[in-house]
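Visitor: Could you take me in for a close look at one part of this protein, the place where its aromatic rings pair up? I'd like to know how that part sits in the whole chain.

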Amino acid sequence: MSYQNLLIEDKGRIRYITINRESKLNALNKDTLTELHAVFASTFEDQAIGGVIITGAGSKAFVAGADISEFQGKGVNEGSQMAREAQHSVFDLIANGAKPIIAVINGYALGGGLELAMACHIRIAANTAKMGLPEVTLGLIPGYGGTQRLTQLVGRGKALELIMTADMIGAEEALQLGLVNHVTEADNAMVKAEELMHKILKRAPLAVAAAIKAVSAAAVSEGFKAEIDLFGNCFSSADFKEGVAAFLEKRSPEFKGL
Ligand code: COA
């Protein structure tokens with residue numbers, strides 16, 4: 001398969017996936033999600049590949065979220081469907097994948113971008129990275145597993161603070177919270193990821209796969225389904241329409257609680 005929105009490179013047993021929509025800060029549109037599903041599904045089948053490192057093109061963003069322009073005009077059913085499909089075909093596929101997946105967060109990781117990084121097994125952040133779940137500024141909640149995985153990583157109190165305020169945090173704070181595993185100088189994030197990946201690839205592959213499966217089993221929760229339904233419900237509000245329109249028109253939203 002040829003990819004329009006991803007760059008794929010294999011070096012030894014590591015597959016490098018780069019999300020390549022730099023002009024849109026690598027935002028995840030439908031086509032990119034379809035390609036991510038395809039590349040991860042084929043990678044898990046490929047005996048030659050031991051693990052994956054995923055990052056974003058350019059130095060500004062890992063991924064600045066789901067592509068907000070695709071939210072416009074959608075209703076409740078389409079909203080829930082979008083979250084359900086993406087969670088199952090991409091985010092859960094990655095989280096439960098049988099090979100180690102490391103995210104190199106090289107810039108903004110916001111909304112669906114942070115959710116993508118959180119679905120990965122290890123996160124390395126450049127010291128310039130900025131992370132957050134800003135969906136409430138759009139009249140939405142995170143819909144790609146963010147309410148669940150952020151809570152699992154940093155605890156309920158801090159997760160609610162970050163989600164309700166929509167605040168962005170820097171790499172050092174993310175490290176303190178346990179949201180990322182390591183912080184490096186921007187130029188060294190990939191080197192650190194490779195160092196960890198090489199170490200993991202020396203371990204017994206079936207045991208590594210079993211470890212991912214067992215740890216993922218601890219993270220199974222009804223909350224993922226609740227998130228899908230609640231995300232979809234947001235699409236019925238006037239505030240959602242206002243939030244999305246305001247982003248696309250590059251102005252501040254005026255929310256009315258309707
Ligand atoms: N969806 C669609 N397009 C996006 C996007 C997203 N999530 N994030 C950025 N873009 C686009 C912008 O619309 C802009 O496109 P344009 O040049 O055609 O107008 C381009 O990427 C560059 O972004 P811009 O906003 O001009 O960069 P900035 O440096 O001023 O701001 C951010 C950077 C990350 C703070 C800002 O882009 C932002 O807030 N993005 C949305 C984050 C978000 O809410 N994500 C959650 C979505 S659920």
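Guide: Let's start with how much is tucked away: 51% of the 258 residues in the protein chain count as buried. What you have here is a predicted model, so keep that in mind as we go. The chain folds into 10 helices and 10 strands. If you follow the C-alpha trace along its principal axes, the span is about 55 × 35 × 35 Å.

Now think about who touches whom. Among contacts with a separation of 6 or more, 73% are between residues 24 or more positions apart. Hold on to that idea, and let's turn to the rings.

Counting aromatic pairs gives six. Take F71 and F231: their ring centres are 6.3 Å apart and the planes meet at 75°; planes over 60 degrees apart count as edge-to-face, so this pair is edge-to-face. And where do the two partners come from? F71 is in the loop between β4 (61-63) and α2 (76-95), while F231 belongs to helix α9 (residues 223-234), so the pair links distant parts of the chain, 160 residues apart. Both F71 and F231 are buried.

Next, look at F235 and F240. Here the ring centres are 4.2 Å apart with 40° between the planes, which makes this aromatic pair tilted. F235 and F240 are both buried too.

N26 has a phi near 60°, a positive value in a residue other than glycine. You'll find N26 in the loop between β2 (14-19) and α1 (30-45). Is N26 buried or exposed? Its relative accessibility is 0%, and under 20% means buried, so N26 counts as buried.

K250 also has a positive phi, near 55°, and is a residue other than glycine. Look for K250 in the segment after α10 (238-248). With a relative accessible area of 78%, K250 is exposed.

Terms used: Residues are numbered from 1 along each chain as its sequence is written. This is a predicted model: local features need pLDDT of at least 70, side-chain atom pairs count only at pLDDT 80 or more; totals for chains, interfaces and linings use all residues. Side-chain values use heavy atoms; hydrogens and water are left out. Helices (H or I, at least four residues) and strands (E, at least two) are DSSP runs, numbered from the N terminus. Buried means under 20% relative accessible area, exposed over 50%, partly exposed in between (1.4 Å probe, protein chains only). Contact means heavy atoms within 4.5 Å. Rings of Phe, Tyr and Trp (its six-membered ring) pair if their centres lie within 6.5 Å; planes under 30 degrees apart count as stacked, over 60 as edge-to-face and the rest as tilted.
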